[in-house]
Every structure is written in C-alpha cells, then in structure tokens.
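Here is a short tour for anyone who likes to know the cut-offs behind the words. Please have the viewer open as you read.

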Amino acid sequence: MSFDGMFTHAMVNELNQNLRGGRISKIQQPFANELILTVRSNRKNRQLLLSAHPSYARVQITDQPFANPAKPSTFVMSLRKYITSAIVQDFHQLNNDRVVMIDLSAKNELGDIHDYTLITEIMARHSNIFLVSKETGKIVDLIKRVSPENNSYRGLLPGDDYKLPPAQNKVNPFATSETGTGLSASDLRAKFEGIGLDTSKELAEFLAAGHNLADFTDLYQNQIHPNTAKSNDKNKLGFFPISFTNTTTEVTTYSSLSELLDNFYLDKARLDRIEQQTKSITHRLDIILKKDKSKIKKLNQQLKKTDVMSKYNLYGELLTTYMSKIKHGSSSITLTNYYNNEDVTIKLNPEYSPSMNAQSYYKKYRKLQNSIPHINEQLEITTNEVNYLESVLASLEYVDIEDVDGIVEELISSGYIKKKRKNARKKRKKKIGENFQTTNGIEITVGKNNLENDQLTMKLAQKNHYWFHVKNIPGSHVILKTSTPDEDSITQAAVIAAYYSKARDSSKVPVDYVQIKHIRKPNGAKPGYVIFEGQKTILVDPDRKLVESLKEN
C-alpha cells in the first residue's frame, strides 16, 4: 500500500491524539527533503517527521535518531524565525487528499500572536513542505523552491500566494452518503478521492461481501490496526492502517501507524540517506573496482598462457638432444619425445641455427616461469583489494547513518579518498562498535566498519572470546564476550552477524564462529581481513526484531 488519502486520514487522527496542543521546541532539517520538528506534548518530546522525499514522502512521529547538520538550511532558518515555540493547534487533511495541514499559533519578538499553517503535500516527485501565513495567505518559505519557468500552475517561491494543488473533482469517502455498492476497484479509484490501488482492491472485496462504504470508513475511524502484510496476488509487502482481510496475508502488527512506518521505511530511508552522503565516494570505489576486476581478468589470461611453459621447456630439451638431426634453414622438425615415445612436431625459425632455436624455446620457458610469481602476487593483491572494497560497499548497506563517518575515515586512512581540509577541532573519543546483550546476559560487540573490526578482533577481544562472521560474505565482525557460550547466546550472536552483513535479507545464512585465539591477520592485509581455522558453522535467519531487542540503550 502507498501513503494514500485513506492512510493519511488515519495518520492525521493519530497525530492529533499525540501532538495537538504541544509546543514546537526544536526544528531540524537532517536531509534535503526531510524536516524534523520536536514537539513537547503531554510532558514528552516527540519527533514529527515531515518528508517531501520523491519516493518516501510521508508525515509521522518517528523514534529514529537524526543528526543536526552543522549549518542550518535557509528553510530551517525561516521556520525557526517564525514558528519556534509555536503551539500546535490542529492537524487536518485537505478533503481525503494526501495533503496534511498543521495549524500553528506563534508569538513574534514583540509578543504579538500570528497564525501559520505548515502544509505537507505528498505527491511523489512533486512533494513539498510549505509554511504559509494565515493572515496573508502567502508562502513564507518552502522546502523545494520552483521557478515560474518550471511551474505555470502556481507560484512556488517565498512571497507567492499559496494555491492548493489541482483539484481531482472526486468524492470524499468520509463525507458522502453513497454506498459504493457494485463498483469495481478501478471504478472506486476513479470515483472516490484518496483511494490507492491496494485500498481499492480491498474495498471492492469488502463491498462484494455485502458491506457498504460507510462500514469501511468506520474501520478507519474506530478500528485502526497497523500492520505490514503481503498482497495475495503479487505477494508484495505493504503497510496498512486496518486489516485487509480479503486481499492480504498479515505479517506483523504494530502499536501505532508511526511505529509501522519507522519499521517499514527503516532500511529504505537509511540506504537513501547514506547514498546521498556517499554518492561521490561510492562512485570512486565503483571505478576502482571495475579496473581491478578487469585487471584480474587480464592476469588470469596471462596465467593461462603459462600453461605452454612446460611445452617450451620440452622443445628446448628435444632440440638440444637431437641437434645433429636439425638442418639449417628448416621451418619445422618432427622428433620423438623420449618421455612417452610419441612424435612431436616443433616449429623452427629458418634464420636461426639449431642451437639458437633451442635457446629461443628455453628463453620463452624462462620468461613465462619468471612471470608466474609476479602474476600470482598481483592476483593476490588485486583480489584482496576487490574483496576489501566490496566489503566497504556492502557495509554501507547495513550500517546506520551515524556510522558513515567511520567508513569515510577508514577510506581516508587506506588512501582511497583524500581528507578534506576542515577547521581544526578537538576530536571526540569515539566508541568502538555497537553493544548488545544476549537474553542470558552475555555482552556482544559488533564492528561497524573494517577499522573497528580490526580493533575489536585483534586488540580488544580476549583470546578466549568467540568471533562470529557470515561465511564467505562481507559483514561485520561480531564478538561474543565469553569463553563458555550457551547455545542460545551462540544463536543470537550468529543472528546479529547475519543481520549486519550483505546477507541481511536472506534466510538460512551460514555463520562461522571460532575463538579469537584461532584468528590471525596476515602482514600487510587490508583492514578487516583475517584468516582462521577450526571454526564451526551455524545456519540462522537474520531477525531484525530479535536484534533490536538485544541492543543496549
């Protein structure tokens, strides 16, 4: 299900229940398309996320951590000027459209009260967030400014009159006496406002079972049941505010719509934010990887050419042994191979003497023989670099946004990117790894980049502690801090190792585990690379809920 008008209706009700009457205490814009308002309500601070992301636009309360950028954007500066300490009067929806309006009341520097509306329009790539003055109807500022040349319908710049998005001229399902009986899913979408594809399918089945539209809208008012579910037809996972009993198979339920969205968008939004921060870095690493893989291909081709090496040595031997039989000026000669008594035809250079022909084959043999150590050395170096870079790129798929700086630091220390010049500031002492605790009280630490992996495994862990890592797949080093682990703790550490790896979305993931004393790091090896022996292997399924439950606060 998408964030359609029906879901918006349910979300607006949830926001009013939790935030109406609250005071805005903090305003942040952690990413280009997302705004975080910290609202103090019922003696609690809650984070209200307003997103104008082209793919994940939404409005919700979030528990996810966000870092405050060092330099606030122009939009944030405008919001701080006008609505810091504003009172949230009400959340409401434009009919049943995906437009959420927040009525705010704020005092200016002189103590005069002014009213504003903070409007979030959820419209895919046209999504936007506006601060509009209620007194003048003009846009104070907006998160995405659009010049008149690119938008002829309405002004999208500060100072323009705010104009609502184009009307769809559809019926609001929450404000009609129509029953909807007999309409197909496509007819329902065409007639009623804010009904998405998944909602229309469920509603069509609901009506066919003898219910009416009012019964369906009543569920959105009184029987909210946040869940993720798989569609029966496409088996695609979606999120739903009520139970779609006719068209889906329920997977997981949540206590609120906001908790549902936090979990549903956790990886999608995290990967998108990481991509925004590391786009130039990953592009550079991809170029290096492409060159390395091409180099490995060429080195293997060179190595394959050395297969003829033994043949050249044999030709040199035979020509030296039967030199008296070779006539000067011959272009070839057939001789008996005294190792297997088979005839061998050898090409000759007519301009060379018999001795020179023999020496020519010996020279080819020695050249290939001498090239093998160099080729093997380059193959090992290049293959190790490919494995290392793939592990770095893989780590960006499962680390949190706050761990990106550690990966950047790792790439700087490894010489892959240059350090940017910044004003000298005192570095804060960073915590190494992320801590967990098994249900039996044993501590687990997870490395979030290869530098941390090295420190945890080779320096901080005790020799009798246990080390976990997914088998033959890039992933974090996981340390189980005990010499006598129980089966539950082994399984939980393995689940964490599988979750913090490129196999996060797989099932039956093999995880190796062994005591630290059986691990060593070769001289000159890339960060994170170790070799080990005597390991055992366990198959586990990555389980986000279990991992989150074991995480230490």
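Is Tyr 265 buried or exposed? At 7% relative accessibility, Tyr 265 counts as buried, where buried means under 20% relative accessible area, exposed over 50% and partly exposed in between (1.4 Å probe, protein chains only).

## Ground rules

This is a predicted model, in which local features need pLDDT of at least 70 and side-chain atom pairs count only at pLDDT 80 or more, while totals for chains, interfaces and linings use all residues. Residues are numbered from 1 along each chain as its sequence is written, and side-chain values use heavy atoms, with hydrogens and water left out.

## Aromatic rings

A pair of aromatic rings is described by the distance of the centres and the angle of the planes. Here rings of Phe, Tyr and Trp (its six-membered ring) pair if their centres lie within 6.5 Å; planes under 30 degrees apart are called stacked, over 60 edge-to-face, and the rest tilted. The count by this rule is 23 aromatic pairs. Phe 3 and Phe 7 make a tilted pair, because their ring centres are 4.9 Å apart and their planes stand at 55°. Both of these residues, Phe 3 and Phe 7, are buried.

Phe 264 and Tyr 265 are edge-to-face, because their planes meet at 90°, with the centres 5.3 Å apart. Phe 264, at 14% relative accessibility, counts as buried. One aromatic cluster takes in Phe 3, Phe 7, Tyr 56, Phe 239, Phe 264 and Tyr 265.

## Charges over rings

A charge sits over a ring if NZ of Lys or CZ of Arg is within 6 Å of the ring centre and within 35 degrees of the ring normal. Arg 58 places its charged end over the ring of Tyr 265, 4.4 Å from the centre. Likewise, the charged end of Lys 364 sits over the ring of Tyr 312, 5.4 Å from its centre.

Strands are DSSP runs (E, at least two residues), numbered from the N terminus, and two of them pair if DSSP finds at least two bridges between them. Strand E6 (residues 99-107) and strand E7 (residues 113-121) run antiparallel, joined by nine bridges. They form a hairpin with five residues between them, and Gly 111 in the turn has a positive phi of about 90°.

E7 also runs antiparallel to strand E8 (residues 128-133), through six bridges. Ile 119 in E7 stands opposite Met 101 and has Phe 130 as its bridge partner in E8. In the hairpin of E7 and E8, with six residues between the strands, Ala 124 takes a positive phi near 50°.

Note on methods: Helix = DSSP H or I, 4+ residues; strand = E, 2+ residues; numbered from the N terminus.
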